[in-house]
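Subject: Structure handover

Hello,

Here is the structure we talked about handing over. Please open it alongside this message; my notes follow below.

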Amino acid sequence: MNFALGCKPPSAGSSGPGAARGAAMENLEKQLVCPVCLEMFSKPVVILPCQHNLCRKCASDIFQEANPLGYARGSSGLVVSGSRFRCPSCRHEVVLDRHGIYGLQRNLLVENIIDLYRQQETSRLLAMKPEQPQQLMCEDHDDERINIYCLSCQTPTCSMCKVFGKHKDCEVAPLDSVYTRKKVELSDEIAMLVASNDHIQGHISQMEEMCHAIEENGKQQREQLAGHFDRLVATLEERKLELVGLISKEQDHKLKRARSLIQRYGDELEAAVTLVESAIRSMEEPHMSAFIQNANIILERMAATSRTSSTERPELGYESMNHFTIDASDAAAALMNIDFCSGVADDEETEEESEVDFTSF
């Protein structure tokens with residue numbers, strides 16, 4: 001069975017354009033308050049020379065209080081010219097003419113705004129009144145209200161439908177009792193759903209905290225891993241410098257020995273060349289006696305040179321440095337097998353495989 005439902009107007013405290021309009025009207029009301037009586041201006045409204053507004057009655061009260069001995073308004077409507085009082089807002093001195101308070105100009109603009117404001121406020125208050133819910137009527141029986149609920153067909157209906165209509169063989173219940181029961185059921189389900197949502201939100205919060213912990217732990221472990229490898233690199237660099245130093249030391253020793261032999265051979269060669277040159281010059285000696293004496297001296301020197309000539313030579317393969325070759329394949333394999341500690345000791349794997357533990361560096 002089809003039936004229409006009435007719409008409930010928005011409440012005064014709801015958000016949206018209505019709330020913004022209410023705030024604007026409230027601000028406007030503050031601007032329309034008399035500084036003397038602290039209520040909305042009552043007509044007529046007079047404007048002072050300082051451009052502030054007062055109710056005419058309030059202006060008259062202020063004038064009479066400031067001029068207790070002045071002339072009250074008589075039948076002629078005149079007061080002593082030059083009477084004065086001060087504006088309650090800015091303390092500006094207001095000088096009245098012979099017409100007194102009635103000589104002040106009326107502010108018709110403010111009076112019109114007050115009229116419009118009161119009209120708008122009245123309309124707003126009327127709109128805020130909640131509408132009475134519409135009474136649902138049966139579509140099959142126009143004069144019958146919906147007052148029962150057909151449990152068999154799961155639809156609201158009227159008494160006439162139960163007695164004479166299509167629901168006469170159905171099980172029915174009073175509409176208000178079904179309404180109360182369904183409202184309780186819905187409230188219970190809402191409470192359960194809210195509790196479930198709170199439970200899910202708790203899980204979400206835990207997961208968010210877990211994500212944060214994972215990020216922090218990952219960052220910490222990356223920093224630790226980088227530190228371990230930095231120490232490994234430093235160890236390798238230190239060992240490299242040590243081995244390079246050994247090579248350099250051996251190289252310097254061999255070079256020193258070879259260069260000393262070169263120097264010795266050079267000195268012997270230079271002496272031999274000098275001796276040969278002397279022998280060649282002696283061959284040109286024309287006198288036989290002098291030649292014989294020089295030849296004997298040169299021959300003795302040649303014999304001495306032959307006896308003292310160095311025959312020392314480095315052993316075969318002296319220049320080779322191959323004995324400094326290292327095999328780093330095992331170390332490279334060990335580095336490539338570096339892995340994270342499982343945290344579970346396995347005696348068999350410990351005997352078969354040797355793993356590098358970061359904590360040892």
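Which residue in β2 is the bridge partner of Ile47? The partner is Asn53. Before going further, please keep in mind that this is a predicted model.

The sheet

The Ile47 bridge belongs to the pairing of β1, residues 45-47, with β2, which is antiparallel and has three bridges. Together with β5 these strands form an open sheet of three, in the order β2-β1-β5, and the pairing is antiparallel. The edge positions are taken by β2 (53-55) and β5 (105-106); each has a single partner strand, so one side of each has no neighbour in the sheet.

Helix α2, residues 56-66, lies across β1, β2 and β5 and runs at about 90 degrees to β2. Helix α3, residues 108-128, also lies across β1, β2 and β5, and its angle to β1 is about 145 degrees.

Backbone points to check by eye

Most peptide bonds are trans, and most residues other than glycine have a negative phi.

- The peptide bond from Lys43 to Pro44 is cis, with omega near 0 degrees. Pro44 sits in the loop that links α1 (17-31) to β1.
- Gln51 has a positive phi, near 75 degrees, although the residue is not glycine. Gln51 is in the loop between β1 and β2. Is Gln51 buried or exposed? Gln51 counts as exposed because its relative accessibility is 55%, and the cut-off for exposed is over 50%.
- Gln154 is another residue other than glycine with a positive phi, here near 55 degrees. The loop that holds Gln154 runs between β6 (148-150) and β7 (155-157).

A surface patch

Which residues make the nonpolar surface patch of about 270 Å²? Leu186, Ile190 and Val194 do. Val194 is located in helix α5, which spans residues 175-282. With a relative accessibility of 41%, Val194 counts as partly exposed, since that class lies between the 20% limit for buried and the 50% limit for exposed.

That is what I have for now.

Regards

Definitions and conventions:
Residues are numbered from 1 along each chain as its sequence is written. This is a predicted model: local features need pLDDT of at least 70, side-chain atom pairs count only at pLDDT 80 or more; totals for chains, interfaces and linings use all residues. Side-chain values use heavy atoms; hydrogens and water are left out. Two strands pair if DSSP finds at least two bridges between them. Helices (H or I, at least four residues) and strands (E, at least two) are DSSP runs, numbered from the N terminus. Contact means heavy atoms within 4.5 Å. Axes are lines fitted to C-alpha atoms, for helices over the stretch in contact, and angles run from 0 to 180 degrees between N-to-C directions. Buried means under 20% relative accessible area, exposed over 50%, partly exposed in between (1.4 Å probe, protein chains only). Patches are made of residues with over 30% relative accessible area and no salt bridge: like charges are joined within 9 Å, nonpolar side chains (Val, Leu, Ile, Met, Phe, Trp, Tyr) within 5 Å. Accessible areas come from the Shrake-Rupley method with a 1.4 Å probe; for residues, only the protein chains shown count as cover. A salt bridge is a side-chain nitrogen of Lys or Arg within 4 Å of a carboxyl oxygen of Asp or Glu.
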